[in-house]
Amino acid sequence: MTQSDYLCDLNDYQKEAVVSNATSLQILAGPGSGKTRALTTRVAWLVKNKDIPSSSIVVVTFTNKAAKELKERLDEPHLLGSNLSNGLVIGTFHSFCARMLRKHVDLTPLKKNFIIADEERSRNMVKAIFKEHKSSLSPQNQKLDSEKFRRWISQEKNKGIDSIAYKSLYKNDIEKMDIARIYCAYEKQLQDENMTDFDGLLLHCRDLLRNNSALVDFVEHVLVDEFQDTNALQYDLLKLIARAGEKSITVVGDPDQSIYGWRFADKAHFVKMTQDYEGTVIVNLKESYRSTKHILSGANHVVSKDDKRTPRQLFTNNNQGVPISILRANTDTLEGEMIANEIKRIVELSDGLVKYKDIAIIIRMNFLTFNFAQALTQAEIPFIVITGKRFLDLLEVKDILAYLSFFYNHRDLSSFIHLINVPKRGLGEISIKKIHLLAIEKNWTLVETIQNIVDKHPATKGMRIMSKAILELKRLLDLQKQVQEKLDKKESISDILQCIVDSIDYSGYLEANYQSDYQVKSANIEELIAFARQQDCEVSENEKGIDALGRFLESVTLCGNLKEQEEAQDGKVCVITAHAAKGLEWTCVFVAGCEQGIIPMERSADMDEESRVLYVAMTRAKCFLYCTYAAQRKRWYGYQQTVFTNLLRDLPVTDYQRQLPTWNTEVRFWVSQVLRLPYKEDGALLLEDHGDEDGDK
DNA sequence: CCGAACCCTGTTTTT
DNA sequence: CAGGGTTCGG
């Protein structure tokens, strides 16, 4: 078979990974070693050289962003081109599972039109259940808050233990039976409302595949991105999809970048995989193209704190660069100013090499954003804060989505509770409870129940609900019917949203309840409708109506950030958490707040993971890396003394400096080399139109 | 059922 | 200090 030209640009390690015939392959990819390139090229190779139809290839990622990026890369003509890539199954674990469950819903405990409960719903649900069961719990457990229980439940689910299994597993443990009771009640509630949560998608899908293995007959090869982030349940799922080695599996990842332990991810799955799949081949992408030697060496020092770690041989042929700048400020405000000043200096002195968009401030915790947002605003530096807050988590968006959700799934109690007093309708907890209980007793949906209450059905005799409230319920029903009609007529989701917003006079509600934020919130609603309109265009004719609504709700739950990506570049400095920054890179990076208690975080369960978080943050930098800290930081109120992080305290002296990097012709020259930008021999740069050096376009 | 007054706790990271 | 929770009085 002739070597195709798309393999030419690869280095030896990458090539070995791409063309491996192993049925079980691990690609260990350190920061900047061409992970995405190896993965996408391997997919192209499987299709083009091994004649595997693209529809038999499944690519799983953890984030929507990663899925999107892979898809875009594969669409490029020199890899697959959009023709060949079309049939690929590519998406997050959650979207893959959701797709399977919808398609084979009859084989699952879920009912048609099930919806996915996001975290807030799940939280509210557990909170309510906890409250209800509180008195019957052991004294210790009564003192805990519902959030603890939710986490325990989630943990069990991600271990693959469902409520029934949990109950029987711990039937002799009084403390754990408290959890079991809440777990079971929670699951029952989900089922009653025809819902499942994020974890449930995976768990249900596992059961589905376990009992119906033929459903994944179509799969020839499964590829997994960021494998270090897999938890036990996801690992089981992969095993089911790959039929435990019968089909081929390729995983790509980096144990050193495993920073999701708190979400039950376990990098030990790399080892487990070699045990579970005989003849697993491991390829190490040893060359890093991203950072200078100084940065790589400093980062390596940090991650090596973990003595249980297998050492790596990551090297770079990049320039030595300058030592990492470790900068101290007296207060957090001054830290912000210091960074702002340095950003200005870089942009000025780099002579066009480094622009605002090439700079990031990476932080460990979201509450630090405020500090830097303020400093950057004051310095008039354009910036964007990537909060990780999802668009759909905005209250105003949820208000409207609750209506949509309720009209889609008539058993959706949590949406009903959410929407019933937005705007105020004079129904309190008691009335809602009555409606809920009646619905359960008669096995009516909530919509049917309300209908019967309004119609004064004999069974509702004993219900004492205020006449004003009855009137409001009637109006709600009218809206529901109107929406149903629109769905039957297959009208677009955006029109339906608009109809809901108008009919409940939502802007009036916003105006009355939020004086200052009113306009922002209205704009967000506009944004939601615009997003729906965009989705409307992508839906095929025969899928309109109720199914389109289901798809819309699913995509909006599973993919929280609708807009952040595009905004990210655009000539702005980026303020971002280490977790959100994984997979990204900038010419210049400030890792801010390098203090004991912040990095490593005070009550982190796993200190080794903390060093990996810092490792990830540091390895985002290509040319310049600053680690900054403030001797005093505002905590909740008042200032607190801080100390420099232990993780960086013993960096070898050659690896850091306590001053700002110098800029001169020589520096600009090696920077242009590391960035792979065009230059002249004499060091004068050709900077016109070098385009987007991040290479992700 | 609602709002005002009061008490408490307490700052991760996110599909 | 703030935001969520609880209590109490209309």
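1. Gly 30 counts as buried, because its relative accessibility is 3% and the cut-off for buried is under 20%. The model discussed here is predicted, and this value is computed from it. Gly 30 sits in a loop that runs between strand 1 (24-29) and helix 2 (35-48). Leaving out residues up to four places away in sequence, Gly 30 touches Asp 254, Gln 257, Leu 285, Arg 312 and Leu 314.

2. Ser 33 is also placed in the loop between strand 1 and helix 2. Is Ser 33 buried or exposed? With a relative accessibility of 1%, Ser 33 counts as buried. Its contacts, again without residues up to four places away in sequence, are Gln 14, Leu 285, Glu 287, Ser 288 and Tyr 289. Leu 285 is therefore on the list for Gly 30 and on the list for Ser 33.

3. An unreviewed UniProt entry carries the label "binding site" for Ala 29, Gly 30, Pro 31, Gly 32, Ser 33, Gly 34, Lys 35 and Thr 36. Such annotations may be inferred rather than shown by experiment, and the label should be read as coming from that record.

4. Asp 197 belongs to strand 5, which covers residues 195-197. Because its relative accessibility is 5%, Asp 197 counts as buried.

5. Of the DNA strand B atoms that come within 4 Å of the protein, 53% are sugar and phosphate. The residues of this surface comprise 10 nonpolar, nine polar and five charged.

6. Some individual side chains can be listed for DNA strand B. For Arg 263, a polar side-chain atom is 3.2 Å from a sugar or linking oxygen of DNA strand B. Ser 431 has a side-chain N or O atom 3.1 Å from a phosphate oxygen of DNA strand B. Helix 19 (429-442) and helix 27 (578-581) are the elements that supply two or more residues to the surface near DNA strand B.

Terms used: Residues are numbered from 1 along each chain as its sequence is written. Chains are lettered from A and ligands numbered from 1 in the order in which they are written. This is a predicted model: local features need pLDDT of at least 70, side-chain atom pairs count only at pLDDT 80 or more; totals for chains, interfaces and linings use all residues. Side-chain values use heavy atoms; hydrogens and water are left out. Helices (H or I, at least four residues) and strands (E, at least two) are DSSP runs, numbered from the N terminus. Buried means under 20% relative accessible area, exposed over 50%, partly exposed in between (1.4 Å probe, protein chains only). Contact means heavy atoms within 4.5 Å. A residue is near a molecule or strand if one of its heavy atoms lies within 4 Å of it. A polar contact is a pair of N or O atoms within 3.5 Å; within protein, one must be able to donate a hydrogen and the other to accept it, and residues adjacent in sequence count only if both atoms are side-chain atoms. Ala, Val, Leu, Ile, Met, Phe, Trp, Tyr, Cys and Pro count as nonpolar, Asp, Glu, Lys and Arg as charged, and the others, Gly among them, as polar.
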